[in-house]
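Hi there,

Here is the structure I promised to pass on. Have a look at it below, and then read on for what turned up.

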2 protein chains.
Amino acid sequence: MGTHFKGPENEVRSLDAYIKLVRCTESLAASLERGLKAAGLTVSQFGVLEALYHLGSMHQNVLCEKLLKSGGNLTMVVDNLEKNGLVRRVRDSRDRRRILVKLTDKGDQKIREVFPAHKSAIVEKFNVLSDEEKQTLGALCKRLGTA
Amino acid sequence: MGTHFKGPENEVRSLDAYIKLVRCTESLAASLERGLKAAGLTVSQFGVLEALYHLGSMHQNVLCEKLLKSGGNLTMVVDNLEKNGLVRRVRDSRDRRRILVKLTDKGDQKIREVFPAHKSAIVEKFNVLSDEEKQTLGALCKRLGTA
DNA sequence: CTGTAATCGTTTAACGTTAAACTATCTTCG
DNA sequence: CGAAGATAGTTTAACGTTAAACGATTACAG
């Protein structure tokens, strides 16, 4: 199988799958973004709150690793969350380079309110697929993503 | 089937498929972005050049519709392409509100060089899947995206 | 013909994103 | 101890993105 000629039909099938994947993701992202925006959060802000909610307070550099974002980016997102009173920065007394990011009461309340709705929105979207189809989609995506 | 109870297992399967879809798309996008960056283009710039290359010169508002982007966004992307000499703006003499965006010779040369490489990169990625799997993935994405 | 709509593109403000330069702090090792 | 190097976070520059306000132009109603 390794040396088979891959013709134009093969290209077309790949490009067709690619464009459908991209459109699907964009549509999904736009829909979920609307939901979060109605709750006053951006996707990035939600990501930070959700990480803090499920994993507890974290140093900013750990947050970078978890969310796969750059340091400069997190400075801004945490700035905006702090501005809105959803998060608090606490300097580490042992290592004064480090900063611990914590949910405020307001932030905790916000994520407890927003997370279930967000989750429901995802589940609802995916329920156009059967359980088997969800599993198939996940498996194909996993192989494609780690290629 | 319509009134079946959807339990936590159902939620887990949906969320699992969702996270794999997102990771896959991000990984794919990052990879393709690197290729374009090496050629001196951003994804958005590539999108504009590719549209002009395959569909011909277009008014800026038509470009907005084709690429599903806001007007303000296209002003910036076209600005940057113009700055790099890849594109030219021509005021419409009939309707002086309108602006026709055209590929320059340099832009035409650039997209002729970059497009095949970009296409190959996509095809190569998707060739970890069989033709049938590509089709399955495309079909599932289509249903999910139009839900 | 004239003033009111509607349309096109730009600008601005806000947020996100990265890479790279920079500051402050800590660690290590001579 | 003290200098060199590593690490944490911020800042800056560049690009992308949207929504909303705006200026210029055209279309249309009266």
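**The sheet in chain B**

In this predicted model, chain B has an open sheet of three strands in the order 1-3-2, with antiparallel pairing. Strand 1 (58-59) and strand 2 (87-91) of chain B are at its edges; each has a single partner strand, so one side of each has no neighbour in the sheet. Strand 2 of chain B is joined to strand 3 (residues 99-103) of chain B by five bridges, and the two run antiparallel. Helix 2 (residues 43-55) of chain B lies across strand 1 and strand 3 of chain B, at about 90° to strand 3 of chain B.

**How the two chains meet**

Chain A and chain B each give 38 residues to the contact. On chain A, the side that touches chain B draws at least two residues from each of helix 1 (8-38), helix 5 (105-126) and helix 6 (131-145). Helix 1 of chain A supplies the largest share of that side, 15 residues. By type, the residues on that side of chain A are 16 nonpolar, nine polar and 13 charged.

**Symmetry**

Chain A superposes on chain B by a rotation of 180° with 0.0 Å of shift along the axis, at an RMSD of 0.0 Å. The two copies are thus related as by a two-fold rotation axis. Both copies use the same surface, as 100% of the contact residues of chain A recur in chain B. Which residue of chain A comes closest to the rotation axis? That is Leu137(A), with its C-alpha at 3.2 Å.

Happy browsing!

Methods: Residues numbered from 1 in each chain as written. Chains lettered and ligands numbered in written order. Predicted model: local features only at pLDDT ≥ 70, side-chain atom pairs only at ≥ 80, totals over all residues. Contact = placed C-beta atoms within 7 Å. Helix = DSSP H or I, 4+ residues; strand = E, 2+ residues; numbered from the N terminus. Nonpolar A, V, L, I, M, F, W, Y, C, P; charged D, E, K, R; others polar. Least-squares fit on C-alpha atoms with pLDDT ≥ 70 in both. Pairing = 2+ DSSP bridges. Axes fitted to C-alpha atoms, helices over the stretch in contact; angles between N-to-C directions.
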